[in-house]
Each structure stands twice: as structure tokens, then as C-alpha cells.
Amino acid sequence: MGTHPTRTAVTLCAAAALAIPLGTASAAPSAELTGHHHAWDPVLVDCFWSPEVRPGAFLLACGDGNSHLVSLNWSRWGSESAMARGVNVVNDCKPYCAVGTFRSYAVTVWLDQPRTWEKDPDREQFTRMSLTYHDGRPEGYPRTVTYPLWS
């Protein structure tokens with residue numbers, strides 16, 4: 001019987017410690033409310049079907065993670081298009097992807113073709129992304145690559 005008060009105190013302290021970060025996180029402004037976003041601006045939908053505005057990073061290869069964008073610096077995010085400079089980190093998959101090397105390439109990212117987002121018909125999402133490589137690019141890639149984005 002003497003251990004129950006101790007267990008109760010430990011449990012309450014653990015619950016309180018967990019609740020503090022949760023309260024802080026929920027009080028933080030969402031990414032949609034920061035920056036230069038307007039309610040009518042389209043979003044970029046990520047691999048987890050979350051709408052993003054001016055993300056700092058974006059996963060291109062949702063299935064295996066072998067290509068992603070990092071260090072995105074958005075110079076434009078408007079109702080028709082968005083543009084950023086950043087880095088495309090791509091696995092060269094040599095001799096195969098599990099032991100390949102991730103290499104970094106400077107890119108300009110261009111988003112366009114906003115359409116109604118099926119998950120939230122009150123919003124639009126960008127449906128096309130183009131990457132233009134600067135000084136180097138992954139083997140076999142053209143200077144500019146265009147991807148349709150999921151809807």
C-alpha cells in the first residue's frame with residue numbers, strides 16, 4: 001500500500017511533463033498563418049496529405065525517401081505560382097539504393113497549375129512542380145524536370 005502514493009505522484013509528474021510541451025505546441029501559430037500567406041493562396045500538399053505553405057523542406061520520393069528538397073527559400077508564393085531556391089538531395093543508388101550516396105544539387109523550384117484540392121474543396125493546391133538544376137544534376141536528369149503533384 002505504501003507504493004501507491006509514490007506511483008501516483010510519478011504518474012502525475014509524467015503526465016504534467018507531457019502536457020506542457022503539448023500545450024506549447026498547440027499554442028504556436030500554424031505554418032499557414034505565418035509568412036506572407038493569404039487565404040486564397042494555394043497550398044503544397046505533402047506525402048501525409050497535409051497542406052503546406054512555404055515549407056523549408058519537401059519530400060519528393062514519398063515511397064523510399066530517395067529524393068527530397070531542403071533549405072527552401074521562397075521568394076514568391078502567390079495565387080498562380082510559387083518560386084524558391086534550395087537543394088535537391090538525391091540518392092545515386094549506386095550500386096543500389098540501400099547503399100547509395102545522397103548527393104546535393106542546387107535547384108530553383110517552381111510551383112504552378114493551382115487546382116481545387118479534392119480533400120478540401122475550399123482550397124486550391126499547386127499541381128505541378130518544376131526543378132531547374134544549376135551547377136550540376138543527378139546522372140541522367142535533364143536540366144529541368146517537371147513533376148505532376150498528387151491531388
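Colleague: Is Cys-97 buried, partly exposed or exposed, and what is its relative accessible area?

Modeller: Happy to start there. This is a predicted model, where local features need pLDDT of at least 70, side-chain atom pairs count only at pLDDT 80 or more, and totals for chains, interfaces and linings use all residues. Residues are numbered from 1 along each chain as its sequence is written, and side-chain values use heavy atoms, with hydrogens and water left out. Buried means under 20% relative accessible area, exposed over 50% and partly exposed in between, with a 1.4 Å probe and protein chains only, and Cys-97 counts as partly exposed, at 35%.

Colleague: Thanks! Which cysteine does Cys-97 bond to?

Modeller: A disulfide here is a pair of cysteine sulfur atoms within 2.5 Å. For Cys-97 the S to S distance in such a pair is 1.9 Å, and the partner is Cys-93.

Colleague: How many disulfides does a search of the whole structure find?

Modeller: Besides Cys-93 with Cys-97, Cys-47 is joined to Cys-62, with S to S 1.7 Å. Numbered in sequence order, the bonded cysteines of the protein chain pair 1-2, 3-4. The search of the whole structure gives two.

Colleague: How many residues apart in sequence are the parts that Cys-47 and Cys-62 tie together?

Modeller: Strands are DSSP runs (E, at least two residues), numbered from the N terminus. Cys-47 sits in the loop between strand S1 (44-45) and strand S2 (51-52), while Cys-62 sits in the loop between S3 and S4. So the pair ties together parts whose separation in sequence is 15 residues.

Colleague: What is the strand order of the open sheet?

Modeller: Two strands pair if DSSP finds at least two bridges between them. The open sheet has six strands with antiparallel pairing. Its edge strands, each pairing on one side only, are S3 (58-59) and S8 (144-148). The order is S3-S4-S5-S6-S7-S8.

Notes: Helix = DSSP H or I, 4+ residues; strand = E, 2+ residues; numbered from the N terminus.
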